[in-house]
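Reader: I would like a close look at the aromatic rings of this protein, taken slowly and with the cut-offs spelled out. Please go on from there to the pockets.

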Amino acid sequence: MDIELVRFIEEISANAWHPETTQHLDGWLMGYSGGTSRRVNSVLPHHLNPPENLEERMQTAEEFYRRHGRPVQYKISPAALPTNLPDILQAQGFQPYTPTMVQIASLSDMPEEVPTPPNVKVTVSDTLTDAWFQAYTTAAAYAPESLPVRRGILSRVGPAGCFALLHADGQAASTGLGVVERGWLGVFCVITFPQFRRRGFARQIMQSLAAWAVSQGAHSTYLQVEEKNTPAITLYANLGYKKLYSYVYLAKET
């Protein structure tokens with residue numbers, strides 16, 4: 001496995017889905033945003049600068065999250081440092097949660113675009129719009145109290161972004177977010193309203209994001225998908241995505 005590529009994708013995906021509050025810790029990055037998204041409420045331990053010892057580093061991480069009123073959790077990929085960190089955490093009672101695959105593809109190898117039906121329209125914006133946000137959060141059935149945190153995350157996208165919204169027969173049906181950094185398209189927030197599923201709309205959203213990314217000079221693409229999400233994995237396989245690695249979150253939650 002190309003660990004440097006893993007570390008690179010972890011870095012650019014963190015730039016795309018960025019916490020509200022961050023604190024650097026000798027190469028580790030601690031993030032906090034509130035809400036339920038683990039990605040913006042965890043330690044990203046993918047760099048390691050000496051000389052601070054590991055016990056002190058982990059204590060500092062615990063204190064950071066204690067100040068924010070939540071337990072510490074770590075995002076663990078094959079690039080985590082030190083390499084024995086997962087074993088150390090599990091020996092202390094940390095348990096794995098949310099196993100997730102990271103898949104990649106070459107944009108030049110993607111299948112030919114499927115023509116858009118006349119009753120379907122895809123619009124794209126380089127900024128977060130109220131219409132896109134309402135469609136995304138409604139389709140995902142997010143709780144009302146979680147919406148301010150979600151809006152904050154989506155408003156903090158640092159690299160170039162593309163918010164794609166598909167309408168079918170005049171109704172919002174599917175959403176997706178693309179973020180391009182250093183030649184790579186990250187795909188996020190692909191979701192379709194239940195009544196519009198199995199009609200190829202998610203594929204058309206992803207085609208629109210890929211076309212936009214190519215116009216931005218991107219050559220490759222990545223995405224993150226929970227290992228239990230079989231329908232999404234099937235869609236991504238049909239578009240040429242293949243697994244590069246998996247990650248989990250280690251936490252002392254029950």
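Author: Across the whole structure, a search finds twelve aromatic pairs, where rings of Phe, Tyr and Trp (its six-membered ring) pair if their centres lie within 6.5 Å, and planes under 30 degrees apart count as stacked, over 60 as edge-to-face and the rest as tilted. One of these pairs joins F196 and F201, whose rings are 6.2 Å apart centre to centre with 45° between the planes, which makes the pair tilted. F196 counts as buried because its relative accessibility is 6%, and F201 is buried as well, at 3%; here buried means under 20% relative accessible area, exposed over 50% and partly exposed in between, with a 1.4 Å probe and protein chains only.

The model is predicted, so local features need pLDDT of at least 70 and side-chain atom pairs count only at pLDDT 80 or more, while totals for chains, interfaces and linings use all residues. Residues are numbered from 1 along each chain as its sequence is written, and side-chain values use heavy atoms, with hydrogens and water left out.

Elsewhere, W132, Y136, Y142 and F163 form one aromatic cluster. Charges also sit over rings, which requires NZ of Lys or CZ of Arg within 6 Å of the ring centre and within 35 degrees of the ring normal: R57 lies over the face of W28 at 5.1 Å from the ring centre, and R151 lies over the face of F133 at 4.1 Å.

Turning to the pockets, each is an open set of points on a 1 Å grid over the protein atoms alone, where a 1.4 Å probe fits, with protein on both sides within 12 Å along at least five of seven lines, and lining residues have an atom within 4 Å of a point. The largest pocket has a volume of about 1,400 Å³, a volume being the space filled by probe spheres set on points joined across faces, edges and corners. Its lining holds 39 residues, with V190, I191, N229, A232 and Y236 nearest the centre. Elements that each supply at least two residues of this lining include β9 (184–192) and α7 (230–238), helices (H or I, at least four residues) and strands (E, at least two) being DSSP runs numbered from the N terminus.

The second largest pocket holds about 230 Å³ of space and is lined by 14 residues, of which E11, H24, L29, L44 and H47 lie nearest its centre. The largest share of that lining, five residues, comes from α1.
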